[in-house]
Amino acid sequence: VQLQASGGGLVQPGNSLTLSCVVSGRTLGDISLGWFRQAPGREREMVAAISRSGGGTWYTDPVKGRFTISRDVDKSTVYLQMISLKPEDTAVYYCAATFRNTVTPSAYGFWGQGTLVTRLQ
């Protein structure tokens with residue numbers, strides 16, 4: 001499984017941003033995909049995930065109601081739409097995949113490169 005994340009950038013207060021993760025090597029129906037982030041000086045954390053069927057999603061509490069994970073099977077792409085970004089959302093965001101239906105971070109063994117999101121003050 002190969003993953004290519006993109007879409008990061010500088011975000012003004014009140015603006016939104018959508019990250020993309022293009023998947024190759026397997027179909028989206030074969031994998032669960034998660035978005036993770038790592039802020040400076042902090043451990044990497046999982047922020048959202050979508051199941052192999054696409055019917056199940058999970059969010060960490062700090063992003064509930066602000067982030068939405070979705071996917072386009074035809075484009076083999078998973079998205080993370082982020083609204084109402086806060087300074088604490090500033091981080092490098094990664095997409096990762098697992099063949100399991102799980103939100104256990106350690107199960108995610110396939111990783112894309114990171115994309116930096118910076119919420120401007």
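Reader: In which loop is Ser84 found? Please tell me about that residue and then about what surrounds it in the fold.

Author: Ser84 is found in the loop between β8 and β9. One word on the source: this is a predicted model, in which local features need pLDDT of at least 70, side-chain atom pairs count only at pLDDT 80 or more, and totals for chains, interfaces and linings use all residues. Residues are numbered from 1 along each chain as its sequence is written, and side-chain values use heavy atoms, with hydrogens and water left out.

Back to Ser84: its phi is near 50 degrees, a positive value in a residue other than glycine. At 42% relative accessibility, Ser84 counts as partly exposed; that class lies between buried, under 20% relative accessible area, and exposed, over 50%, with a 1.4 Å probe and protein chains only.

Ser76 also has a positive phi, about 50 degrees, although it is not a glycine. Ser76 sits in the loop between β7 and β8. With 16% relative accessibility, Ser76 counts as buried.

A nonpolar core here is a set of buried Ala, Val, Leu, Ile, Met, Phe, Trp, Tyr and Cys residues joined through side-chain atoms within 4.5 Å. The largest one has 28 residues, and those touching the most other members include Leu80 and Met82. Beyond residues up to four places away in sequence, Leu80 touches Leu17, Thr18, Leu19, Trp35, Val47, Ala48, Phe67, Thr68, Ile69 and Tyr93, where contact means heavy atoms within 4.5 Å. Apart from this core lies another, of 6 residues, among them Ala49, Ala96, Ala107 and Tyr108.

Thr60, between β6 (57-59) and β7, is in contact with Met46 and Val47, leaving aside neighbours within four places in sequence. Thr60 counts as buried, at 13% relative accessibility.

Of its 121 residues, 42% count as buried. Along the principal axes, the C-alpha trace spans about 40 × 30 × 25 Å.

Technical notes: Helix = DSSP H or I, 4+ residues; strand = E, 2+ residues; numbered from the N terminus.
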